[in-house]
Amino acid sequence: MIVFLCLQAVNQARRQGIPVETQQKFNAGTNKQPGTTKNTAKLDRETEELKHEKVPLDLAKLLMQGRQAKGWSQKDLATKINEKPQIVNDYEGGRGIPNQAIIGKMERALGIRLRGKDRGKPLPAPGAK
């Protein structure tokens, strides 16, 4: 009720041409944390141990050879595994962050092993062990 009366008084003053001063609180309604967190400070110091693991170059080479053997472009492979072409590009360039689900999709699409001790060998037919 008090807020309503205050709003009425402000509106009435505006109608009469009396200057009305309003203040907005600094950062009102935002959900920001002040200062930096511990994790931010760690990342600022950036050491070797905090960097992401990248796709090994031997995997990138196998991936590229398998794709070219099928005569596919990077976009074709990306379409077959339902991923973006940029992901295939990053994996082949050795810049991607390894994701076992994506590597598994690539293995099945290309029909070659990309993980384990039998890297580069053909995958067994489904149902055969």
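Q: Which helices do the buried residues of H5 pack against?
A: They pack against H3 (57-70), H4 (74-80) and H6 (100-110), helices being DSSP runs of H or I, at least four residues, numbered from the N terminus. Keep in mind that this is a predicted model, where local features need pLDDT of at least 70, side-chain atom pairs count only at pLDDT 80 or more, and totals for chains, interfaces and linings use all residues. Residues are numbered from 1 along each chain as its sequence is written, and side-chain values use heavy atoms, with hydrogens and water left out.

Q: Why is glutamate 92 called buried?
A: Its relative accessible area is 8%, and buried means under 20% (exposed is over 50%, partly exposed in between; 1.4 Å probe, protein chains only). So glutamate 92 counts as buried. This residue lies in H5, which covers residues 85-92.

Q: What makes the link between glutamate 92 and arginine 67 a polar contact?
A: Their side chains are joined at 2.5 Å, and the cut-off for a pair of N or O atoms is within 3.5 Å, with one able to donate a hydrogen and the other to accept it. Glutamate 92 also touches Ala60, Leu63, Met64 and Gln74, leaving aside neighbours within four places in sequence; contact here means heavy atoms within 4.5 Å.

Q: How do you know that the buried residues of H5 line one face?
A: The residues in question are Val88, Tyr91 and Glu92. Seen down the helix axis, they fall within an arc of 95 degrees, so they line one face of H5. The arc is taken from the directions from the axis to the C-beta atoms.

Q: Is asparagine 82 buried or exposed?
A: Asparagine 82 has a relative accessible area of 67%, so it is exposed. It sits in the loop between H4 and H5, and its phi is near 60 degrees, a positive value in a residue other than glycine.

Q: Which residues have the most contacts inside the largest nonpolar core?
A: Leu63, Leu77, Ile81, Tyr91, Met106 and Leu114 do, in a core of 17 residues. H6 gives the largest share, 5 residues. Methionine 106 touches Leu63, Ile81, Val88, Tyr91 and Leu114, not counting residues up to four places away in sequence.

Q: At what angle do H3 and H6 pack?
A: At about 35 degrees, with their axes 10 Å apart. Residues making the contact include Leu63 and Arg67 of H3 and Met106 of H6.

Key. Helix = DSSP H or I, 4+ residues; strand = E, 2+ residues; numbered from the N terminus. Core = buried A, V, L, I, M, F, W, Y, C linked by side-chain atoms within 4.5 Å. Axes fitted to C-alpha atoms, helices over the stretch in contact; angles between N-to-C directions.
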